[in-house]
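Hi,

Here's the structure I promised to pass on.

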Amino acid sequence: TQDKDFSSALISIDLDRFKIVNDSAGPSNGDQVLMETAYRIAMCVDESHTVARLGGDNFVVLMSEAADYGAVERLGRRILEEIGKPFNLHGRELFITASLGVALLPQDGDEVGALLQKADAARIQVKSSGGNGLAFFEPEMNARAERRLELESALRRALANNELMLYYQPVVDVRRAVV
């Protein structure tokens with residue numbers, strides 16, 4: 001085993017494009033997919049790990065006694081593989097992918113709220129890159145999220161203070177313009 005500076009890992013799991021499943025197959029079939037997803041995740045973990053559904057299509061796995069980075073990554077890849085297998089809904093196959101983010105205890109935090117926030121930041125990074133993957137939290141992920149929040153706040157203030165102006169500029173192809 002390689003040297004490590006963590007003892008546990010928190011994995012945040014979110015199904016990619018699950019809203020489309022609910023909208024097209026209906027909420028009861030969406031619930032069936034969520035139950036099957038929970039079962040598949042539970043089948044991937046050891047007895048010492050904890051699996052929970054936080055709400056919607058968001059799950060977490062707490063890996064207590066994680067051996068090393070490789071063990072965390074292997075578990076994440078196994079979860080991705082299991083979720084990626086087809087779901088059978090009344091004879092119809094449905095394929096789903098997931099985005100996973102990982103935060104490590106104690107290096108990324110020593111309380112649940114901080115760990116969950118950092119695992120979510122890593123998961124959001126995966127989702128924004130197209131989903132169906134796994135990322136470990138990196139400090140610059142927080143910086144990016146903070147910049148997005150600052151920009152959103154600045155835009156909201158500018159809108160509220162009437163500091164934005166809209167200009168209309170038509171786009172014309174002069175080769176096709178009729179005179």
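**Notes on the helices and one alanine**

(Exposed is over 50% relative accessible area, buried is under 20%, and partly exposed lies in between, with a 1.4 Å probe and protein chains only; helices are DSSP runs of H or I with at least four residues, strands are runs of E with at least two, and both are numbered from the N terminus.)

Before going on: this is a predicted model, where local features need pLDDT of at least 70 and side-chain atom pairs count only at pLDDT 80 or more, while totals for chains, interfaces and linings use all residues. Residues are numbered from 1 along each chain as its sequence is written, and side-chain values use heavy atoms, with hydrogens and water left out.

Back to H1, residues 18-25: its buried residues are Phe18, Val21 and Ala25. Seen down the helix axis they fall within an arc of 55°, so they line one face of H1; the arc is taken from the directions from the axis to the C-beta atoms. Their cover includes strand S1 (8-15), H2, strand S4 (87-89) and strand S5 (92-94), going by contact, meaning heavy atoms within 4.5 Å. Just after H1, Gly26 has a positive phi of about 95°.

Next, H2. Which of its residues are buried? They are Asn29, Gly30, Val33, Leu34, Thr37, Arg40, Ile41 and Cys44. Down the axis of H2 these fall within an arc of 145°, so they too line one face of the helix. Exposed Ser28 and Met35 sit on the face turned away from that buried side.

H2 also has a helix partner. It packs with H3 (residues 69-84) at an angle of about 145°, the axes being 9 Å apart; axes are lines fitted to C-alpha atoms over the stretch in contact, and angles run from 0 to 180 degrees between N-to-C directions. From H2, Thr37, Arg40, Ile41, Met43 and Cys44 meet Leu75, Arg78, Ile79, Glu82 and Ile83 of H3.

Finally, Ala103, in strand S6 (residues 98-105). Ala103 is buried, at a relative accessible area of 1%. Leaving aside residues up to four places away in sequence, Ala103 touches Ser8, Ala9, Leu10, Asp108, Leu115, Lys118 and Ala119.

Cheers
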